[in-house]
Amino acid sequence: MLEDFINAFKNFKSNKTRTFLSLLGVIIGVASVIVITSLGSSTTKKIQDTFGSAGLDVVSVSAGFISRRGSSSSVQFNEAARTDLFDNVRNIKKIWYKNSLNATMSYGETSSSVNCSAIETGYLEMYSFELEKGEFFSVTDNEEGTQKIILNHATAENFFPAGDAVGQNVILVASNTSFCFEVIGVLKEQSTGMENGAAFIPRGFYSKKIMPNPAAANVMVQATSAEIASTVTTDIKSYYTNKTGNEYAVNVMSMQSMIEQMSKITGTLSLLLSAIAAISLLVGGIGIMNIMIVTVTERKQEIGIRKALGASPMAIRQQFLIESASITLLGGIMGIIVGIAVSLAVEYVQSNAFIVNTNACLIAFGFSVFVGIFFGLNPASRAAKLDPVVALSGE
């Protein structure tokens with residue numbers, strides 16, 4: 001068999017143009033599969049990086065709308081609803097209530113509209129926020145409704161470019177009323193998924209001074225683990241649907257389920273495009289079969305001599321099968337190299353992380369070799385069936 005491989009490569013060397021044309025279809029097909037799957041994997045990784053790893057165990061719940069008569073009234077997220085949800089849905093670790101308000105913040109001559117979130121103690125820590133300076137809200141801050149505020153990195157940089165935000169007082173105008181808040185913390189710049197508030201105040205202050213005894217606008221449910229967040233999302237949706245008789249009573253989503261859905265979409269698209277790219281491998285295989293048929297015709301005398309010297313039909317068939325498989329073997333290796341090189345170039349231009357889909361490389365390579373064997377069977381069988389007398393007498 002080794003001798004057949006050596007002879008195959010010698011024949012390739014003596015017919016360089018023909019060999020190159022045979023390789024081209026295989027190289028393009030394998031490279032296309034590698035590029036498409038690598039870009040798909042890189043896109044998935046980019047989506048995950050955009051959302052960040054924090055908050056993957058968090059499920060967001062907000063009030064929906066009434067779709068028909070006879071449905072229960074709109075869901076109110078009060079303290080009773082918190083207890084009810086915790087008791088009826090499994091795998092919930094903790095529940096946080098949040099309200100949002102658009103306010104105008106000012107410090108000295110700087111003034112800007114900000115998206116402010118009224119949160120409970122532990123909310124920022126749950127999202128794995130880290131402090132650049134200062135401290136988080138304490139339980140007392142929330143219970144007593146203290147006038148303290150935490151700014152995200154961009155907001156603090158805008159109002160306090162010198163970096164001295166902690167300890168300063170800012171004015172927040174909400175509901176046509178001005179309030180003075182002490183800045184107690186500045187958050188580090190980081191990706192935190194669904195939470196992108198510019199400033200945070202204790203929800204206790206919001207419920208005492210801005211909106212007395214408010215229902216929460218958003219409920220953040222922390223699942224016991226990120227892996228089970230999608231299940232908790234489904235369970236919460238089912239619970240409120242059964243309770244209200246309205247499948248649109250609440251809007252429920254989680255970063256984990258969003259990432260899973262996007263990954264499925266990119267995976268499906270990659271698979272579809274890879275299947276289309278694999279067609280070029282089949283086209284290349286047909287080209288290889290045609291060239292091998294021509295090769296058998298040109299090498300009739302060689303086949304006749306080998307048979308006259310005692311070579312069996314199986315040995316002749318093996319020789320041409322190995323030659324056909326060698327073309328796709330070489331083309332598969334070159335296709336992987338070209339595919340990785342093109343993927344690297346594209347990822348470099350897009351400034352994305354490069355991820356090689358190893359399984360796709362192996363499948364594309366294996367498929368290319370299979371194509372060589374499959375389309376080489378017919379020419380190899382023709383060569384094996386040649387009559388040695390006829391083969392030696394022909395040109």
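**Figure 1. Phe159, a residue of helix H6.** The place of Phe159 is in helix H6, where helices (H or I, at least four residues) and strands (E, at least two) are DSSP runs numbered from the N terminus. This is a predicted model, in which local features need pLDDT of at least 70 and side-chain atom pairs count only at pLDDT 80 or more, while totals for chains, interfaces and linings use all residues. Residues are numbered from 1 along each chain as its sequence is written, and side-chain values use heavy atoms, with hydrogens and water left out. Phe159 counts as buried because its relative accessible area is 4%, buried meaning under 20% relative accessible area, exposed over 50% and partly exposed in between (1.4 Å probe, protein chains only). Leaving aside residues up to four places away in sequence, Phe159 touches Met105, Ser106, Tyr107, Thr110, Ser111 and Ser112, a contact being heavy atoms within 4.5 Å. From C-alpha to C-alpha, Phe159 and Glu109 are 9.4 Å apart in space, although 50 residues separate them in sequence.

**Figure 2. The largest nonpolar core, with 25 residues.** A nonpolar core is a set of buried Ala, Val, Leu, Ile, Met, Phe, Trp, Tyr and Cys residues joined through side-chain atoms within 4.5 Å. In the largest one, Met105, Ile149 and Ile201 touch the most other members. Among the elements that give two or more residues to this core are strand E2 (92–107), strand E5 (148–151), helix H6 (153–159) and helix H7 (203–210), whereas strand E7 gives the most, with 4 residues. Not counting residues up to four places away in sequence, the residues that Met105 touches include Val114, Ile149, Leu151, Phe159, Val170 and Leu172. A second, separate core of 24 residues includes Ile27, Ile36, Leu321 and Cys361.

**Figure 3. Aromatic pairs, of which a search of the whole structure finds 11.** Rings of Phe, Tyr and Trp (its six-membered ring) pair if their centres lie within 6.5 Å, with planes under 30 degrees apart counted as stacked, over 60 as edge-to-face and the rest as tilted. Phe181 and Phe205 form an edge-to-face pair, 4.9 Å centre to centre and with 75° between the planes. This pair links distant parts of the chain, since Phe181 lies in strand E7 and Phe205 in helix H7, 24 residues apart. Phe181 counts as buried at 0% relative accessibility, and Phe205 is buried with a relative accessible area of 0%. Tyr239 and Tyr240 also form an edge-to-face pair, 5.0 Å centre to centre and with 65° between the planes, and both are buried. One aromatic cluster is formed by Tyr123, Tyr127, Phe129 and Phe200.

**Figure 4. The largest pocket, holding about 290 Å³ of space.** On a 1 Å grid over the protein atoms alone, a pocket is an open set of points where a 1.4 Å probe fits, with protein on both sides within 12 Å along at least five of seven lines, and lining residues have an atom within 4 Å of a point. The volume is the space filled by probe spheres set on the points, which are joined across faces, edges and corners. Of the 16 lining residues, Val33, Thr37, Leu271, Ser274 and Ile363 are the closest to the centre of the pocket. Helix H2 (16–51), helix H9 (255–298) and helix H12 (358–385) each supply at least two residues of the lining, and H9 gives the most, with 7 residues.
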